[in-house]
Amino acid sequence: MISIHRIVLRRLLLAWVAVSLLVGGLTYYFELEQIDDAVVALAASQSTHFAPEGLKTGTHTAEELRILEQRAGEFVKRNFVVIEVYDRQEQRILEAVNPQYAHIEAELKRFKHSFPHDTHSHYQKFVIGDDTVVQVLVPLPSKNGGNAGFFEGVFVVDRATLREFRDRLWRTLATVLFAVLATTVLLYPVIIALNRDVIRFSQEVLKGNLEMASVLGAAIAKRDSDTGDHNYRVTLYAIELGEAVGLAAGEMRQLILGAFLHDVGKIGISDNILLKPGKLSDEEFTIMRTHVALGVDIVEQSDWLQGARAVIEGHHEKFDGSGYLRGLSGNDIPLNARIFSIVDVFDALTSRRPYKAPLPLEEALGIIQKDAGTHFDPYLVEHFLAIAGSLHARIGAASETELQARLREQAMHYFLRASVEAKTPSPVPA
């Protein structure tokens, strides 16, 4: 059985990976956006310090140009690659280049830009080699409210600043991922505790359902023989034969339910027919046969009991098609019904009834073997004959209390450990 701890840990790990990828990806994206914003803000902040004189009216004299060139020459030393000033006709009137970044300035010639037609500053970021640069285009207002010209500066973000930005990114990302991991780890004991509660409540409900099904089946059986032993024995026999042919755990649970309730329809049969010591008349036998349809109607009202239907409806079918309720034959009869019909007849032959004494084991098995291929599935008969001797020795003479205890243990094994799989199946006819 797979440990619930392994299941929870695996699912929490998958959830952590998924949430980490989602939250980490979003965090990484937004942090990169913030770094871009910070880089642009840094360039914009530096650009605002450049306030060229001489373009207030859109005219410029030689003296004004000299002052502008001097101002630009000083300003270009502040991490700028190049500074250019344009008049309002978008003609360049001066340029200052930082020789330290001549290689960047040469690379920037590949990138063309247009001039803004509003009063807002415009920024564009580039990565050139190992350097991050921001191109800043700022309209220069004139006294009359129009544009006197344009300022263009290409700002280099120094590597120490970039490293600081990136370190902040990785710190933030690591913090977020650690928070997600810590939350996942803290959820583990909570989920395990809740799972234990759910399992406990589920087991209590399931145990109650099983006990009700078992008690109901035993109560019906007592109408037949003053004892519920028959129901307990046939269910144990059915489990053993199901295991012998490799019945899957899910099918086994349905077989157990069906065995509990196989004769539940007899609740609708009158005592004078059900308890008649002699042979039934044709009319009485016709009425007796209706217990199959009555049983189907009873379990049809419960989703949980639907698994019992195959046995209830098919346990009087015969392999050659001569049985009832539907006259099915061969593999058209549900496997669980084919299994149960063998053990039901076997227990009827080997147990005492008000109208008969038990047959010896050898005689009962001879009847089962003789009816293989007509009444019973020959494949299943072969497997049953191999285990019938030991089964009868262990179960046939056990007291009602012993049978109840064994059946409770077997039923709990299959119903309360739903993940337990049966042995590797042999090729059972479907």
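Residues are called buried under 20% relative accessible area, exposed over 50%, and partly exposed in between (1.4 Å probe, protein chains only). The structure is a predicted model, in which local features need pLDDT of at least 70 and side-chain atom pairs count only at pLDDT 80 or more, while totals for chains, interfaces and linings use all residues. Residues are numbered from 1 along each chain as its sequence is written, and side-chain values use heavy atoms, with hydrogens and water left out.

Aromatic contacts were examined using rings of Phe, Tyr and Trp (its six-membered ring), which pair if their centres lie within 6.5 Å; planes under 30 degrees apart count as stacked, over 60 as edge-to-face and the rest as tilted. The structure holds 6 such aromatic pairs. One of them is the edge-to-face pair of F285 and Y324, with 6.3 Å centre to centre and 85 degrees between the planes. Because F285 belongs to helix α8 (residues 282-299) and Y324 to the loop between α9 (309-314) and α10 (335-350), this pair ties together parts 39 residues apart in sequence. Helices (H or I, at least four residues) and strands (E, at least two) are DSSP runs, numbered from the N terminus. F285 is partly exposed, at 38% relative accessible area, whereas Y324 is buried, at 11%.

A tilted pair is formed by W304 and F415, with 6.2 Å centre to centre and 50 degrees between the planes. The pair links distant parts of the chain, 111 residues apart: W304 is in the loop between α8 and α9, and F415 is in helix α13 (residues 400-415). W304 has a relative accessibility of 30% and counts as partly exposed; F415, at 9%, counts as buried.

Helix α5 (residues 229-244) has 16 residues and reaches 23 Å from its first C-alpha to its last. This is close to the expected 22 Å, the expected span being 1.5 Å times one less than the number of residues. Of the 16 residues of α5, 14 are buried, so the helix is largely enclosed by the rest of the structure. α5 is followed by G246, which has a positive phi, near 75 degrees.

Most residues other than glycine have a negative phi. E90, although not a glycine, has a positive phi of about 65 degrees. E90 is in the loop between β1 (80-87) and β2 (92-97) and is partly exposed, at 32% relative accessible area.

G268 is in the loop between α6 (249-261) and α7 (271-274) and is partly exposed, at 49% relative accessibility. G268 and G295 are 27 residues apart in sequence and 8.8 Å apart in space, C-alpha to C-alpha.
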